[in-house]
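Reader: Please take a close look at the nonpolar core of this model, and then relate the rest of the structure to that account.

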Amino acid sequence: MMKIWSMQQAETAAAGQKKKKVTAAQLRVQKDLSELSLGSTMRTHFPNPDDILNFTLTIEPDEGFYKGGTFNFNFSINQNFPHDPPKVKCTQKIYHPNIDMEGNVCLNILREDWKPVLNLNAVIVGLQFLFLEPNASDPLNKEAAEVLKSNRETFKRNVRTSMAGGHFLGENFHRVLK
Amino acid sequence: MARARWAYLDRVLNRTGPFTDPDWVPGEAPLESLLRAKILVIGAGGLGCEILKNLALSGFTDIHVIDMDTIDVSNLNRQFLFRQADVGKPKAEVAARFVEKRVRGVRITPHCCKIQDMDEDYYMKFSMVICGLDSIEARRWINATLVGMVDADDPDSLKPLVDGGTEGFKGQARVVLPTMTSCIECQLDMHAPRAAVPLCTLATIPRQPQHCIEWAQIIAWEEERKDDVLDTDDPEHVSWLYSKALERANEFNIPGVTYSMTQGVVKNIIPAIASTNAIIAASCCNEAFKICTSSNPFLGTPESTNYMMFSGDDSIYTYTFEHLKKDDCPVCGNLARPLEVNPEITLREFIESLAERPEAQLKKPTLRSEAKSLYYQSPPQLEEQTRPNLDKKLSELVSNGEEVAVSDPAFQIDFKFKLVFKS
């Protein structure tokens, strides 16, 4: 039985204990980072290494439509992680059926299918997969998806033009080739 | 004090019942506990109003309440301690004054601030904390704080946490005895995720008026007003989203977008049900009363049930069960152990000593304090950035008494150490 306050209710003076503790979100991200497997096509950058909740991920696909490009994604994780998913945005304007001109990414586990058991590795693998297999049935960039569906050769050409920093569909794309 | 008014309460306190503990002595002692208990209520909203009223009518006399919000006109249908004239005033203050006026002898101290503004010394003053919150983040914060405060040598440092929550017709009441039973962080997966619609549906084939509103919020706002921070309490912002959503709905022939629906979607409002709040608050206060007086077995007793869920969606259903503590819980799984260190050794030497400690035997430790990434083994770029720390002295990296968290891929759980400098 709990007899906690059958004892004296003395004002407990615990002096000098106002040290901040590592937060649950930080701990979880730390664990996720220690289990990350990036392979040769991806790398991270931490603008402030003390802040592990904000970083960029660079993907350089070595096969598929987007081979040879360098793509950057901003990861921003809040204190409610892993209840909330990480916020991920592409920082460049690119031509991709699942990424819009603002850099929003349509990846199910970033939104409707996120669960706290998923980790950063799952998100990163998902992003990598988007470059290997762009998905025309869940479009954010409808025009690009239409082209991918109707004519893969045209799509391939469009991707190359956009990656070289080309201008079409009224948009100036970022040059992402080395 | 005239006890006549409490006759119904004294019937529970002055005699044993079929479920009371054989060691329990009715009479003065439990009454004394009740009168002496200092209770903290977090939140003075839908649940908070009910909780404050219930506690006062259950004989508690010393209550504090924290709430950072002010009263909105839309609160008045269920937050019954507030009146039209109170709109705009701080919830904590109005609620405290109202209950004090109606129930003689109760003292309620209001605080209009965030729970994060208070320190451990403040929370240490209470016998128990009762939460009526709508935010998971705030629950996690108070939970981590209460778990961190537990000192094995001081039974007073263990503050039971009673947590109520409602969402529409569903709700839950649970009790956490920090470090002894499953905590809020252990139970994180019990919170229903926010139902989300795929981004591509919003962008290409909206089917419902809500899709158009979310599109306005996520896509149109970013495209056209990127530099303004969206404030869902700003009527101009909500009006803008409403007109954008309406335009889009017309384009796709979707009827039903209204201003109040826009408000509901962007603020993620789930209609609050007064009766659900009343049921959950009653359960929370009933548990608080039992914990305080020991008059009957209470929810949260170690190795018994600690979680009561309620659903009024389809007739009425409740289920009470034991949610087990998680060994790998980042908050209560492994508590910070004090570790004496020489502040003059380098971080590298400290890490090597961790590898030798029999209880740790870490192979590839990664470690940080709240403010600093001390050393990360992975990913490679972060390893490179934190490598210079290895040759720094501990005293340059952490302060005396600071907590460091150590992870290692070889272990499911994290280790936490409070570094105490040897003088």
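Author: The description begins with the core and then turns to a sheet, a helix pair and some backbone details.

This is a predicted model, in which local features need pLDDT of at least 70, side-chain atom pairs count only at pLDDT 80 or more, and totals for chains, interfaces and linings use all residues. Residues are numbered from 1 along each chain as its sequence is written, chains are lettered from A and ligands numbered from 1 in the order in which they are written, and side-chain values use heavy atoms, with hydrogens and water left out.

A nonpolar core is here a set of buried Ala, Val, Leu, Ile, Met, Phe, Trp, Tyr and Cys residues joined through side-chain atoms within 4.5 Å. Buried means under 20% relative accessible area, exposed over 50%, and partly exposed in between, with a 1.4 Å probe and protein chains only. The largest such core has 48 residues, and Leu33(A), Phe73(A), Phe75(A), Leu120(A), Leu127(A) and Phe155(A) have the most contacts inside it. Two or more residues each come from α1 (24-34), β2 (54-59), β3 (71-76), β4 (87-90), α2 (120-132), α3 (142-150) and α4 (152-163) of chain A. Helices (H or I, at least four residues) and strands (E, at least two) are DSSP runs, numbered from the N terminus. The most is given by α2(A), with six residues.

Contact means heavy atoms within 4.5 Å. Neighbours within four places in sequence aside, Leu127(A) is in contact with Leu57(A), Ile59(A), Phe73(A), Phe75(A), Val88(A), Val105(A) and Leu107(A). Apart from this core lies another, of 47 residues, among them Ala44(B), Ala95(B), Ala281(B) and Met308(B). In soluble globular proteins, nonpolar side chains tend to be buried together.

Chain B also holds an open sheet of five strands in the order β9-β13-β12-β10-β11, with mixed pairing; two strands pair if DSSP finds at least two bridges between them. At the edges stand β9 (337-341) and β11 of chain B, each with a single partner strand, so one side of each is left without a neighbour in the sheet. The twist averages 35 degrees from one strand to the next. Within the sheet, β12 (residues 403-407) and β13 (residues 415-421) of chain B pair in the antiparallel sense over four bridges, and Val404(B) stands opposite Phe417(B) in β13(B).

Axes are lines fitted to C-alpha atoms, for helices over the stretch in contact, and angles run from 0 to 180 degrees between N-to-C directions. Helix α2 (residues 28-36) of chain B packs against α11(B) at an angle of about 125 degrees, with their axes 8 Å apart. That makes α2(B) oblique to α11(B), given that angles under 35 degrees count as roughly parallel, over 145 as roughly antiparallel, 65 to 115 as roughly perpendicular and the rest as oblique. Pro30(B), Ser33(B) and Leu34(B) in α2(B) meet Phe289(B), Cys292(B) and Thr293(B) in α11(B).

Most residues other than glycine have a negative phi, and most peptide bonds are trans. The bond from Phe81(A) to Pro82(A) is cis, with omega near 0 degrees, and Pro82(A) is in the loop between β3 and β4 of chain A. Glu303(B) has a positive phi near 65 degrees; this residue lies in the loop between α11 (274-293) and β7 (307-311) of chain B and is exposed at 76% relative accessibility.
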